[in-house]
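Biologist: Hello! I am new to this structure and would like to learn how to read it. Could you walk me through it, feature by feature?

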There are 2 protein chains.
Amino acid sequence: MTANTKQIHPVILSGGSGTRLWPLSRKLSPKQLLALTGPSSLLHETAKRMHGAAFAKPVIICNRDHRFLIAEQMREVGIAAASIVLEPVGRNTAAAAAVASLIVAKSDPEGLVLLAPSDHVVRDLEAFERAVAGASVASHAGEIVTFGITPNAPETGYGYVQRGAPLSGAPGTFHVARFVEKPDRKTAEAYIASGDYSWNSGMFLFSAATMLREMERLQPAILDACRKAIAAGSQDADFLRLGEKEFAASPSISLDYAVMEHTPHAAIVPVDMGWSDVGSWSSLWEIAGKDDAGNLLAGDVISIDSTNSYLRSDGPLLAAIGVEDLVVIATGDAILVAPRDRSQDVKKVVDELERKGRSEHINPAKKN
Amino acid sequence: MTANTKQIHPVILSGGSGTRLWPLSRKLSPKQLLALTGPSSLLHETAKRMHGAAFAKPVIICNRDHRFLIAEQMREVGIAAASIVLEPVGRNTAAAAAVASLIVAKSDPEGLVLLAPSDHVVRDLEAFERAVAGASVASHAGEIVTFGITPNAPETGYGYVQRGAPLSGAPGTFHVARFVEKPDRKTAEAYIASGDYSWNSGMFLFSAATMLREMERLQPAILDACRKAIAAGSQDADFLRLGEKEFAASPSISLDYAVMEHTPHAAIVPVDMGWSDVGSWSSLWEIAGKDDAGNLLAGDVISIDSTNSYLRSDGPLLAAIGVEDLVVIATGDAILVAPRDRSQDVKKVVDELERKGRSEHINPAKKN
């Protein structure tokens with residue numbers, strides 16, 4: 001056992017090419033690469049959050065099309081990756097977890113893997129660190145630990161996890177009673193009232209050995225495809241390219257569906273850490289600091305008599321007069337205007353752009 | 001007397017450099033030069049409205065800084081100007097009326113002058129032509145006729161003109177009882193209820209001789225300054241440049257204040273001709289054709305579930321979701337967002353730009 005085995009291996013999932021934050025996020029400029037909450041990108045923040053004495057060098061698993069953007073951002077943040085793994089096609093989180101476990105197991109078979117999306121916000125870093133430290137006890141003992149976010153509202157856009165009995169010998173960790181799909185409003189309210197439910201954050205801590213054992217048992221096709229994709233892949237100075245044909249053969253399902261809902265080793269650490277998946281402009285407004293009028297202003301903005309609005313320009317001067325509860329996001333080549341509570345419908349705009357064969361949802365936004 | 005004396009001499013006032021339609025209108029790209037209501041600019045529409053057998057070649061009186069834009073627009077519309085007169089400084093409409101009368105009187109002393117702003121909309125051209133023909137009777141008889149717009153709402157943003165007794169021998173023409181300043185709402189409602197009041201359109205018909213006589217009597221300083229400005233001016237192939245020092249010496253007041261409120265020869269032709277002074281984005285929305293949802297869309301706009309809104313882009317793609325009663329005007333370098341009923345407050349933005357020493361209210365809008 002080397003010194004390294006006591007460190008946790010961060011595996012940052014950067015496969016998304018979401019457009020929920022259009023017009024800023026684009027297929028070729030995804031959310032995690034954007035500086036949405038300050039001067040650093042979400043990827044920067046994620047990498048910094050899992051950097052330090054407790055952590056080994058991170059593995060990044062990303063969309064092949066984003067490789068230079070990702071590598072450049074890691075260079076900028078000054079954190080050397082153990083590996084930047086390129087997915088030739090997206091195959092969801094179960095395959096990513098398998099690839100991560102296979103890679104970590106090569107050097108550190110019993111090592112812990114902290115699987116984390118690259119595009120979430122965590123504001124309370126101490127709570128995060130305590131949760132990871134707490135979860136590591138159970139993970140070393142063979143549990144696959146999911147981090148459950150303490151809900152502060154009956155959100156219908158998240159899956160929920162119900163906790164069961166406390167796990168003996170692992171304070172703050174519980175057996176998972178069950179995973180549930182996105183509920184309706186009434187059900188979500190009941191979940192919150194019960195106090196047993198957390199939001200499913202998509203963050204996991206497990207040992208490589210445990211994950212590989214459970215994959216072997218529950219999802220042999222995924223594990224087989226990932227093994228072959230690594231074997232057929234190529235490693236150069238910067239990137240580990242997975243074999244395309246082999247990786248494409250993997251079933252494309254989430255780690256929740258593939259493993260967590262079936263394994264007897266599912267555990268949960270509930271945590272309140274100022275988390276957001278930043279799934280819409282509205283959620284970004286909610287987590288941000290705002291001025292006295294409830295406005296979040298970013299970029300070249302003149303606001304007169306506006307309230308409770310998110311006014312942002314990465315392009316032209318944006319002047320707003322007397323607007324309320326509005327989101328306005330401007331770039332050099334596209335502008336979104338919507339009431340805050342309609343901002344999730346930006347996907348309808350993206351669909352329209354796709355139908356029309358346009359490119360404003362694909363290429364990075366022009367500045368001006 | 002030449003054949004020309006039976007034609008009316010249009011004098012188009014294009015001195016404004018308003019920014020009430022910012023971010024489209026700018027100091028160096030004023031409202032009258034913009035294609036706001038269709039493919040033609042307001043200046044084009046104004047020139048076409050006063051073109052044909054009844055009219056002599058127009059005189060344009062404009063801000064010196066706009067001379068090439070104006071000349072190019074006249075070239076585009078294919079209407080040769082009798083003269084394009086350049087004001088070195090703005091001296092309001094009384095001085096412009098004096099200059100116009102002096103210029104017309106040179107070739108046609110008894111000729112009628114139709115003084116008209118370049119930046120108003122008139123949708124009912126037949127009503128306009130009937131009103132001008134009707135007014136010419138009184139004008140030939142020595143009256144200065146103002147065109148009074150039949151009010152369709154108790155607007156507080158316009159001056160009003162009260163009509164007096166009918167003018168004998170000039171059907172549809174009345175003596176002016178009085179001019180009144182912009183009223184408060186209650187007063188405006190009383191004006192409308194009385195049926196005696198019209199909006200003051202800023203359009204006038206008079207003979208050059210009458211105006212010069214009344215100016216001589218009521219405003220000798222203005223007339224003197226204008227005479228000297230023409231004498232000291234220079235005429236080249238394209239422009240008549242007024243002498244700067246001489247013209248600057250003229251008092252700067254409106255024709256209403258200078259002459260109309262004092263002369264016994266003030267007459268009015270009330271007319272309902274689909275008129276608007278297009279004083280705000282909201283007024284442009286009001287006069288325009290709209291879709292079934294009450295939206296006016298112009299340029300590269302995607303609208304989803306929007307209602308009663310004016311969504312216009314002369315720059316980036318503009319996507320609006322679920323907005324109501326909103327004005328969004330986008331250009332390549334500036335965007336305005338405001339509820340329709342706040343759109344007149346755009347001057348607050350322009351003031352802010354001025355204070356900050358910026359240029360987005362001065363230079364023409366970038367396309368993209």
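Biologist: How many residue pairs are in polar contact between chain A and chain B?

Modeller: A word on conventions: this is a predicted model, where local features need pLDDT of at least 70, side-chain atom pairs count only at pLDDT 80 or more, and totals for chains, interfaces and linings use all residues. Residues are numbered from 1 along each chain as its sequence is written, chains are lettered from A and ligands numbered from 1 in the order in which they are written, and side-chain values use heavy atoms, with hydrogens and water left out. A polar contact is a pair of N or O atoms within 3.5 Å; within protein, one must be able to donate a hydrogen and the other to accept it, and residues adjacent in sequence count only if both atoms are side-chain atoms. Between chain A and chain B there are 14 such residue pairs, both residues at pLDDT 80 or more. On the side of chain A that touches chain B, β14 (296–304), β15, β16, β17 and α11 each supply at least two residues. Helices (H or I, at least four residues) and strands (E, at least two) are DSSP runs, numbered from the N terminus.

Biologist: What area is buried between chain A and chain B?

Modeller: The size of an interface is often given as the accessible area lost when the parts come together. Buried area is what two parts lose in this way (1.4 Å probe), summed over both. Here the value is about 2,700 Å², and carbon and sulfur atoms give 66% of it. On the chain A side, L317(A), I321(A) and I335(A) lose the most area to chain B, together 25% of what that side buries. Each chain brings 36 residues to the contact, where contact means heavy atoms within 4.5 Å.

Biologist: Which rotation superposes chain A on chain B?

Modeller: Two copies of a chain are related by a rotation about an axis and a shift along it. For this pair, the rotation is 180 degrees with 0.1 Å of shift along its axis, and the RMSD is 0.1 Å. That is the relation of a two-fold axis. The same surface serves both copies, as 100% of the contact residues of chain A recur in chain B. The superposition is by least squares on the C-alpha atoms of residues with pLDDT of at least 70 in both.

Biologist: How many salt bridges are there between chain A and chain B?

Modeller: Side chains of opposite charge can pair when their charged atoms come close. The rule for a salt bridge is a side-chain nitrogen of Lys or Arg within 4 Å of a carboxyl oxygen of Asp or Glu. The count between the two chains is 4, and over all chains it is 43. R342(B) pairs with D305(A), their closest N and O atoms being 2.6 Å apart. A network of salt bridges links D300(A), R358(B) and E360(B).

Biologist: Which side chain meets R64(A) in a salt bridge?

Modeller: That is E244(A), at 3.2 Å from N to O. E244(A) lies in helix α8 (residues 244–248) of chain A and R64(A) in the loop between β2 and α2, so the pair ties together parts that are 180 residues apart in sequence.

Biologist: Which residues of helix α2 in chain A are buried?

Modeller: Buried means under 20% relative accessible area, exposed over 50%, and partly exposed in between (1.4 Å probe, protein chains only). In α2 (residues 67–77), I70(A), Q73(A), M74(A) and V77(A) are buried. They cover an arc of only 100 degrees around the axis, which puts them on the same side of α2(A); the arc is that of the directions from the helix axis to the C-beta atoms. F68(A) and R75(A), on the other side, are exposed.
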